[in-house]
Amino acid sequence: MVLELDQADRQALVQIQKVLELEERKGFTNSAASNGVAAFTGDRVRRLLPLLDAEGQRVLREVDGLIDSYDQMGTKNRERCAVEALRLVRGLVSTAQLGARTTAAKQTPSRPAARPRRKRQKQAAPPTRTTITSLSDPVSILPGVGPSRAKQLEKLGASTVRDLLYLHPRRYIDYSQLDPIANLMFGQISTVQGTVTAIDGRPTRTGKQLVEVAVSDDSGTIKAIFFNPYIERQLRVGARVSMSGRVEQMRGTLCFKTPEWEQLTGDAIHTGRIVPVYPLTQGLYQKTLRGIVRAALDGGLPLVEEYLPQRTLERIEPPLAALRQALEWMHYPDGDTPDEARRRWLAAKSRLAFDELLSLQLGLLQRKQGYQAEPGIAFDPPDGTLDSFRTALPFKLTGAQQRALRDIMRDMQSPGPMSRLLQGDVGSGKTAVAAAAAFVAVQSGYQAAIMAPTELLAEQHYRSLNALFEALPAELQPRIELITGSTTTAERREVYASFAAGTCDIAVGTQALIQESVVFAQLGLAIVDEQHRFGVEQRAALRQKGVAPDVLVMTATPIPRSLALTVHGDLDVTTLDELPPGRQAIVTRWLQGKERLDAYGFVRERVRAGEQAFIVFPLVEESDMVEARAAVDEHARLSREVFPDLRVGLLHGRMRPAEKDEVMIAFRERELDVLVSTSVIEVGIDIPNATVMLIEGADRFGLSQLHQFRGRVGRGERQSYCLLVSDKVSHEAETRLQAMVDSDDGFKLAQIDLEMRGPGDFLGTRQSGLPEFQLADYADLRDLERARNEAERILEDDPQLQDRDHRYLATRVERFWASAVTEVS
């Protein structure tokens, strides 16, 4: 391969080489060019591509593919990509010669010396806007995309050609049925093709401009009605057109109203086929966007590189579609029959969803490998430590608790840091397991910290731990301190000093534990309860209070296995799937709104028996937008009209933390008979004397949330009840409420909830630290496990994705995770 380039063009190639060499010397920090290595290289690649032969273009495109996501890569991948790109560029520079264009310029004696230079610069200018040289090219390279249109596309998340390839349609319209005009029937969706025979524009009585376009074929004529005056300029009599839409009537005659249309000058993209319907933004129309995406497909698909290694493509069953084919079919799943079109769409969706799942699993597993590679603590407690703890307990551990302890002890005694999730249904005994782990850490010479999301829950853990340890010999009892937002300044100084001096063995608290002023002498175990209530930064901050401490996160929200593979795919998962013996099942009843008075009567009956009740509402205050009862107004009504002789308290999320704690303490101490609340009582509160959970507007809550509410009762020895009250019930809500009546298995209910409502209830806000899926489904356990298994096989052979076969895959994973919040926990 010999490249003939003029002096300026060869210099552009040398500049790429020099920047990559400088980047290598700077340690791959993306600082060798002021605008970033990717932008610097991309500008010169676009300039050079039209000037090279086929082999030169292939090599330069490979360089561009290695560098185009450089700013989003980690250091290891930057090094791998930059070194390989530098090798390729050096090869190009060594074969580049000054070509004929330079010589020709020098043989023009009649012009001043400056003119040939200007002429060469003009010849070496970047290609026209319609020439796509890289998937990272801005959308403005496409025809019809100026600055304002580019801003509209950016609102849809499309800034580059690659973004447009992955701008998935929301739905499709089937315009593939092509009919003779004479065969059209009212109400059918159809396509006709013919010749424009007349165009008539006239104003309507409302001042709008109506345009009638007559289209004829060999069988007849039909009119198309438009309320767009520009149609008269866009169409002319004699033009061959295709029109698609629903056949309607006007004054007794069949017609189209504002149909999709296009002139028959090339391949149709708006009519006569299955047509994509994209998400839009103000000022951007389907026809315009469809044309832009089609241009991106035509120019971009040839540049798409298959990033799945051949071994993966051969292993996966059922087989996956090729990437280029999948992208084309996702936008235009055409087929000879509707069934074939659907098969193509499903094949495209399956392939692109698998790519998302595999990228997710590779990132999670690499994160997990990173944890395990760090030097951690190998806890070495004295012999018999766990036996001492078990013996001191006032109850016997369940089989599930014993299995969980074996998992945790294995992690704690290994040299790598533990990152484990302990999940269990309400009342499954997570606190006892966490206490055992903390006891082992203390007996090994380290400190433990337990962080809870609320002061009330932190205080509950503090009391529970003291109760669990009180039967131990005095010399073995850990020293426990509580720190919350309510701790006084003087007490806080004293507690902080005990953390730093090591005289506190177990620290229990809220976010006060992660204040900058908190220092631990030797934190070895960090435990986060109800971990989904914390942001990723908060969980990471607790871990950073020690030097690679073991981390145990806990949740009482049952998580289906499919979601555990995603939300917690970087953690080892232990499940407490067994409740302590002797716990009575909670009786659950679903009541119609007209049975509300019966529910109130039942609450009064249980209060007379010395018990207490929760009444939960979906809103804090009444809303004109939502038909649902609200806690503040209902508290007033219930206190005045229904339970005037009972002590009725109020709890909601707009109250200050101190106010909420005051109310809950009063309820726990039996100073209140009934507590009216919003969903703030969903997690963690332990009131053994509360036996009734009455949930108003139960149809407005998800199954997992309803199950959490139900778990607030049934914590004592008396029979407990959950009453679900709803006025209007949709079919979906009816299914949820009946599932609550039929089952008390939190994991079964969580899976049903995931399938019905999606992962929102489990993920909460974007605190999960995960990239967002466009096509993949959190509930699809088969595809998740298939991706997980393949990710494990790939990383077993190539943990850093450094093999040549994995270079495109590594870039894909980097790009996929670039938008995610990262954390170490």
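This is a predicted model: local features need pLDDT of at least 70, side-chain atom pairs count only at pLDDT 80 or more; totals for chains, interfaces and linings use all residues.
Which residues of helix 22 are buried?

1. Helix 22. The buried residues of this helix are Ala-631, Glu-634, His-635, Arg-637, Leu-638 and Val-642. Among the elements that cover them are helix 21 (596-608), strand 19 (612-616), strand 20 (648-651) and strand 21 (674-677). The geometry of helix 22 (residues 631-642) deserves a remark: its end C-alpha atoms are only 14 Å apart, whereas a straight helix of twelve residues would span 16 Å at 1.5 Å a residue.

2. Ser-677. This residue belongs to strand 21. Ser-677 counts as buried because its relative accessibility is 0%, the cut-off being under 20%. Beyond four places in sequence, Ser-677 touches Ile-615, Val-616, Phe-617, Ala-631 and Leu-651. One of these contacts, Ala-631, is itself listed with the buried residues of helix 22.

3. Strands 13 and 14. Strand 13 (residues 480-483) and strand 14 (residues 506-509) run parallel and are joined by four bridges. Ile-483 has Gly-509 in strand 14 as its bridge partner. Together with helix 18 (residues 489-501), the two strands form a β-α-β unit that is right-handed.

4. Pro-169. The loop between helix 8 (161-165) and strand 3 (171-174) contains Pro-169. With a relative accessible area of 12%, Pro-169 is therefore buried. Residues up to four places away in sequence aside, Pro-169 touches Pro-276, Val-277, Tyr-278, Met-330 and His-331. Its C-alpha atom is separated by 48 Å from that of Val-692, which lies 523 residues apart from Pro-169 along the chain.

5. Largest nonpolar core. This core holds 69 residues, and Leu-153, Leu-164 and Leu-809 touch the most other members. At least two residues each come from helix 7 (147-155), helix 8, helix 10 (286-300), helix 12 (323-331), helix 13 (338-373), helix 20 (561-567), helix 28 (781-797) and helix 29 (807-817). Helix 13 contributes the most, with ten residues. In soluble globular proteins, nonpolar side chains tend to be buried together.

6. Neighbours within four places in sequence aside, Leu-153 is in contact with Val-139, Val-145, Ala-158, Leu-164, Leu-284, Leu-289 and Ile-292. Apart from the core of point 5 lies another, of 43 residues, including Ala-400, Ala-435, Val-508 and Met-554.

Technical notes
Residues are numbered from 1 along each chain as its sequence is written. Side-chain values use heavy atoms; hydrogens and water are left out. Two strands pair if DSSP finds at least two bridges between them. A crossover is right-handed if, with the strands pointing away from the viewer, the path from the first strand over the helix to the second runs clockwise. The expected span of a helix is 1.5 Å times one less than its number of residues. Buried means under 20% relative accessible area, exposed over 50%, partly exposed in between (1.4 Å probe, protein chains only). Contact means heavy atoms within 4.5 Å. A nonpolar core is a set of buried Ala, Val, Leu, Ile, Met, Phe, Trp, Tyr and Cys residues joined through side-chain atoms within 4.5 Å.
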